[in-house]
Each structure stands twice: as C-alpha cells, then as structure tokens.
Amino acid sequence: MEKLTSPANIKKILGEYGVTLSKRWGQNFFADGNILDKIIEAVNINENTQILEIGAGIGTLTYEAAKRAKRVTTVEIDTRLIPVLAKTLGEFNNVTVVNGDFLKTDLSNLWVEGLERVVLGNLPYYITTPIILRLLEKEFDAAKMMFTLQDEAVDKLVATPGSDKYCALSVLVQQKYTASRITSIPNTAFLPRPEVSSAAVLLNKREDACDMDKGWVGFVHSLFSQRRKKILNVLASLPVCKSISKAHISDILERLNIDGQKRCEVFSADDLAALYTEIQK
C-alpha cells in the first residue's frame, strides 16, 4: 500500500474517488509519519488488543493499528470514504468498517471477551466533548484511549484542580482515567492544515476507577456552571440536594474534609465523586 501519510498520495486517493474534504465533519487527515509512529508506539498495540477507532478518514491510523491488533472496528460517518477504505484496508481481514455517526451508532456488541479494549481517534475539534462523554459510559470501558485533539482540549483533559483549564470535562475524565500529553502536533502534520495546533493525549484507565450513575455527569456540569462560587452554596442550590438541609450538606462536606467555603473548581475528581456518592445515600 502506498504511504498514506504522504500529502501527494492523500490527494491522489481522494481524487480517484472524487472526494473533496468536508469542513462540516472537521476532516483533517494525518500527513506526518513521524507523529503517527509516536502515537502508535505510545498505545502499545499487540495481538491481544482490540481497537475501536472514531473516524477512519482514508484509513491512515486504521492501517497501522490493523498491522498490530487482533481486531479493529472503525466508525466513519462519511459515506464517500467507504470505498476508499475498502481499497486502503483491503489487505486486512481483521478490520470492520462501520458507516455511521459514532454518537448514534449501536455498538453494544463491539467488544469480545479476553482482549484489551483500546479506543483511538483523530477527533473533529467541533465535537470532541460529546464523543469523549459517550466513551466514558459503562458500555465502552476501555483500558486505554488515545486521541489527537485541539491543543486547548488536551489542556482541559490534563488540567489540575484550581487551574484555569480545569473544567467539568477534566473531572469526568480524571474520575476514570489518568490523562497524559504524549506529543504536540503542529498544523503541518495534517492535510488540510487546521488553523490551530493539536496534541496527542493518552488516557489510561485507573485501577481504582468506578462507574458512576447517569446523574454524575449532570452533577459535575452543575457545579462547574457556578465554578467560582463556594461549593456549599452551589450544592444548596442544586435539585439533587433539594431534600437535604444546608446544615446536613455542611456536615457531609466536613466528613469528607471538603472545605465548604472554597470554590468548586479547586476540588479533585476524587473529592467530587466521593461527595456525589455521599449525597446520593
């Protein structure tokens, strides 16, 4: 197979199938083999790995994953790219291409038992948060997730409590995963070139990670919608606490060693998860 990170080859392949790239779907394809190698190496894919990829494009990342993994399922929304993928991935019998919107596609039968679950994705910048939130749901339960994202989005995933970038998404990810920036990616590494710089981020599932119920996501978003207010006052205003007196909320905070006079934004994912669990009792 011709080198899929070559800008000339990308243009040639797309031209053969009459495909013009769509801003609607945020299509920016890998055009730097060195960056691709760093991403693949960081994930450590092997014969005991099963992959879910979000957005195949022309199959650049898919191809490298398929060479190493036991099985690969890739979800691609652009119907025009399905025949392209049939060509670029034609040599593999361990790849399944699903044509659909990841946020709407039923993937309940995605995983097989006994293989490590890994998610990969060069995610469109405009829809990063909804995709990551779905991947945090119990049905996916991936051991590792590797994404290339807008640099600012990676800043949020790795942000520490109290920092400017620390937000609801930081908490929701860090409650289940340890986030690490792998490498910065200049816009020249993509075709076409995006207007912003990117980075690769690796999420490793925490050994002590636990599944939270659906109310957890809303709880965290509610806290961070008032991130600069004292957490005691914010909690007292939330529907989830409507049957709890402010004095009782204060007692809960004290038991958990959470200072009710501090802002929501200074507490770790573990602090807030413990708080949510206690409130639910």
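Which residue's side chain is joined to that of Lys 230 by a polar contact?

Reply: That would be Gln 261: its side chain and the one of Lys 230 are joined by a polar contact of 3.2 Å. A polar contact here is a pair of N or O atoms within 3.5 Å; within protein, one must be able to donate a hydrogen and the other to accept it, and residues adjacent in sequence count only if both atoms are side-chain atoms.

A quick word on the ground rules. This is a predicted model, so local features need pLDDT of at least 70 and side-chain atom pairs count only at pLDDT 80 or more, while totals for chains, interfaces and linings use all residues. Residues are numbered from 1 along each chain as its sequence is written, and side-chain values use heavy atoms, with hydrogens and water left out.

Back to Lys 230. You'll find Lys 230 in the loop between α8 (215–224) and α9 (231–237); helices are DSSP runs of H or I with at least four residues, strands are E runs of at least two, and both are numbered from the N terminus. With a relative accessible area of 39%, Lys 230 counts as partly exposed, meaning between buried (under 20%) and exposed (over 50%), using a 1.4 Å probe and protein chains only. Leaving aside residues up to four places away in sequence, Lys 230 touches Gly 260, Gln 261, Lys 262 and Arg 263, where contact means heavy atoms within 4.5 Å. Ala 274 sits 44 residues away along the chain, and its C-alpha atom is 18 Å from that of Lys 230.

Now for the nonpolar side of things. A nonpolar core is a set of buried Ala, Val, Leu, Ile, Met, Phe, Trp, Tyr and Cys residues joined through side-chain atoms within 4.5 Å. The largest one has 59 residues, and Leu 52, Phe 147, Phe 219, Leu 235 and Leu 275 touch the most other members. Helix α11 (residues 269–280) supplies the largest share of this core, six residues. There's also a second, separate core of 38 residues, with Ile 45, Val 84, Val 118 and Leu 202 among them.

What about the cysteines? Disulfides, meaning cysteine sulfur pairs within 2.5 Å, come to zero here. Cys 167 is in none, as the nearest cysteine sulfur, in Cys 264, is 13 Å away. Cys 241 is buried, at 1% relative accessibility, and its sulfur is too far for a bond because the closest cysteine sulfur, in Cys 264, is 11 Å off.
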